[in-house]
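Subject: Structure for your review

Dear colleague,

Please find below the structure that we discussed for your reading.

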Amino acid sequence: MKIVKVFILLIVLLFASCMSMTTDKHMVKAFSNQVIQHGATGDDVIELQARLQYLGFYNGNIDGVFGWGTYWALRNFQHEFGLEVDGLAGEKAKQKLEKASEYDKAYIKNQIRQGNDFTYYGGIDKQKQTTDDRGSNDQNPNQQTDNNQTTQEQQQNATTNEDLQPSAVNVPQGFSQNDIQIMANAVHGEARGEPYEGKVAVAAVILNRVESSTFPNTVSGVIFEPRAFTAVSDGQIWLEPDDSAERAVLDAINGWDPSGEAIYYYNPNTATSDWIFSRKTIKKIGKHIFAI
Amino acid sequence: MFRWVVIGVLSIGLIGVSIWGYQEHQEKNEVMIQAENAYQRSFHDLAYHLDLLHDKIGSALAMNSRERLSPQLVEIWRLTSQAHGDVGQLPLAFVPFNKTEEFLSQMGDFSYRTAVRDLDQKPLNDEEIETLESLYEMSGEIEKEIRSVQNLVLKDQLRWMDVQLALANKDEPGDNTILDGFQTVENKVEGYSEGKIHSSLMGTSSKEDSYQMIKGDKFNQSDAKQKMREILGINQEINLNIEKTGEGAKVSMYSGSFQTDKKSGYLDITEQGGYPVTVMINRTVDRTNVSLHEATQKAKTYLNKLDFNDLALVESNQYDHVGVFHFVPNNEDVWVYPDAIQVKVALDNGNVIGMVAKDYLENHGERDIPKPTISEKEAREVVNPNVEIQDHHLAVIEDDTGVEVLTYVFLGVKNQDTYKIFVNAENGTEERVERLKQKEVKYEKRKR
């Protein structure tokens, strides 16, 4: 009696989840109105990548960042479908994509959320395209796994309509997120409480030193050069950097240099070296004097 | 009775504190010794590398066979870079030792450039031999001085930690044997760098024609302020601080800054002509309403308003809710890479929140862009056949020595990676190959 009850409950649950999955497929919200361009990130890019992969044009990871791989895939798609080849996902390209491919938003989002290594080629069983080991147990249909799957699917349905963060980020050529983090630490330690341009200027000085022949040739070499930065000597570099330090570093890497190509800066009230005063000054930002 | 208990407790306390103090002292000593050892290692490495460097330059000069000369020059290049690295690990920042460091890096550049050259085709000329001779002499001097400092360090057991103390102590600077020794080295090098070495060979010749496009009247402070308000789009009610750059600036500029409740801003304009060099607006941007594509158009319109026209978009990137765009001038279908302009657009309302035109103002000007002497097809054959070429354009770039050359730029794919390949449009040499990497798997951040 009890077994029958559980069985019925299970069937109902499975049916319900199937229903919700199919309705979900029909409710798939297509692309937004924006033209998607190289370098963009976000939901639309995830959909673009998934649809291009479904059609076999895109072989990279579906990560929500429009990189070079996506760019060439889109161009090839445009070429094959007789569209203007410009590498921009505009109105026409998106319409053609929507017609030619399916987009299982729930599947994709779930994969990204779980951090799985997955693909989304059309015509291949999705279970075979993911490394998710929880899914591979389904040949052993005991109650436990079934229940698990149902709850999983319920969870995924609940969260489908939320926006999902891309699983990758853009980084400037030649730098990684970790390099940016080290620099942000140094900038925060050195220029806490300075105006934003003062922070960018300090980050720019670090980069100018990397370029200069009289300083070490790496970011970490410059930052950790003994006695070069007081914040490094007294450990303030390990304070938690705030958001603006990170943005300042990114700006400096992208070319902003309010210091005027300085390679030295000092606070005239606390400077301990007389020699530093002999450098030609460029300008003063906040409390720091920038010099070469 | 009570007295004895108090005495007992106090003496136990005293013993406890003494033990704790002693342990702390021991630990501090250990850390000091480790730091000292790290310095000593770098210093003795430096002495050794400089010694070896002198030897190698000497043998390069005595060498007759060209097959051996190239590897020898490579060896010199490696040693200069190592010695440079050693210097970077010693507490010599803010110590006048930069002439010596400059020497090391110039020496490195020189040996690298001659080492990669085909010496069978183009053997070292007289000028270069002469330069190498004087580099030999100079490295000999440096070696000698550093060796004598090293001897003093060993003989008198001098500590680098004392150098650090001497430097930290503002009142009696320079009274340190090691520092004196390094000062002597610096003075010797300074004496040499005047004259004897052909600066054109050492890559020290600075660009003479920079900022040649900057024309027009000199702005005074109030004119500059007016110009700044125009560029920033702010009215008289917002207070604008303005300052002029000092003598260290490459080109004389005015810097302006303002601060309101919601945002702050900063910009540089040139004194002559009032050209905008840097513009920065700092405010919170926490949502994306505008697509990157739309933002590109906004960036272009903004630049056109500032009289920067005919631009090609080289790169666009979205960082959180901000778009960053790299433009270069498109001069009759030739992209001029050295004249880059960057623009930053907030994706919440599509307003421009940053611009840099430093490279543009510094390099832009009248250019005689030659016609390519080889065809695109011929250039294509130079590219590695495993790279599938997807796109191409003509471009002016700066080569390794800082000279502008006309190139075909090919964008190609090999396996999953995209490459930018620059092929000289006049002689077909492969000037540069860049692997384009732009995204990275997102790492988890420290919890805030």
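UniProt annotations may be inferred rather than shown by experiment, and feature names are shortened. With that in mind, the unreviewed UniProt entry lists residues 193–291 of chain A as "domain: Cell wall hydrolase SleB". Please note also that the model is a predicted one.

The remaining findings concern chain B. Its secondary structure consists of ten helices and 14 strands. The radius of gyration of chain B is 30 Å, whereas the globule rule gives 22 Å for 448 residues, so the chain is more spread out than a compact globule. The C-alpha trace of chain B spans about 95 × 75 × 55 Å along its principal axes. Of the 448 residues in chain B, 33% are buried. When contacts in chain B between residues at least 6 apart in sequence are considered, 59% of them join residues at least 24 apart.

Chain B is divided into domain 1 (2–201), domain 2 (221–363) and domain 3 (376–436). How far apart do the C-alpha centres of domain 2 and domain 3 of chain B lie? The distance between these centres is 30 Å. Six residues of domain 2 of chain B are in contact with seven residues of domain 3 of chain B. On the side of domain 2 of chain B that touches domain 3, five residues are nonpolar, one is charged and none is polar.

Yours sincerely,
A colleague

How values were computed: Residues are numbered from 1 along each chain as its sequence is written. Chains are lettered from A and ligands numbered from 1 in the order in which they are written. This is a predicted model: local features need pLDDT of at least 70, side-chain atom pairs count only at pLDDT 80 or more; totals for chains, interfaces and linings use all residues. Helices (H or I, at least four residues) and strands (E, at least two) are DSSP runs, numbered from the N terminus. The radius of gyration is taken over C-alpha atoms; the globule rule is 2.2 Å times the number of residues to the power 0.38. A residue is buried if 20 or more other C-beta atoms lie within 10 Å of its own, exposed if 12 or fewer, and partly exposed in between; C-beta atoms are placed from the backbone. Two residues are in contact if their C-beta atoms, placed from the backbone, lie within 7 Å. Domain bounds come from an automatic or database domain assignment. Ala, Val, Leu, Ile, Met, Phe, Trp, Tyr, Cys and Pro count as nonpolar, Asp, Glu, Lys and Arg as charged, and the others, Gly among them, as polar.
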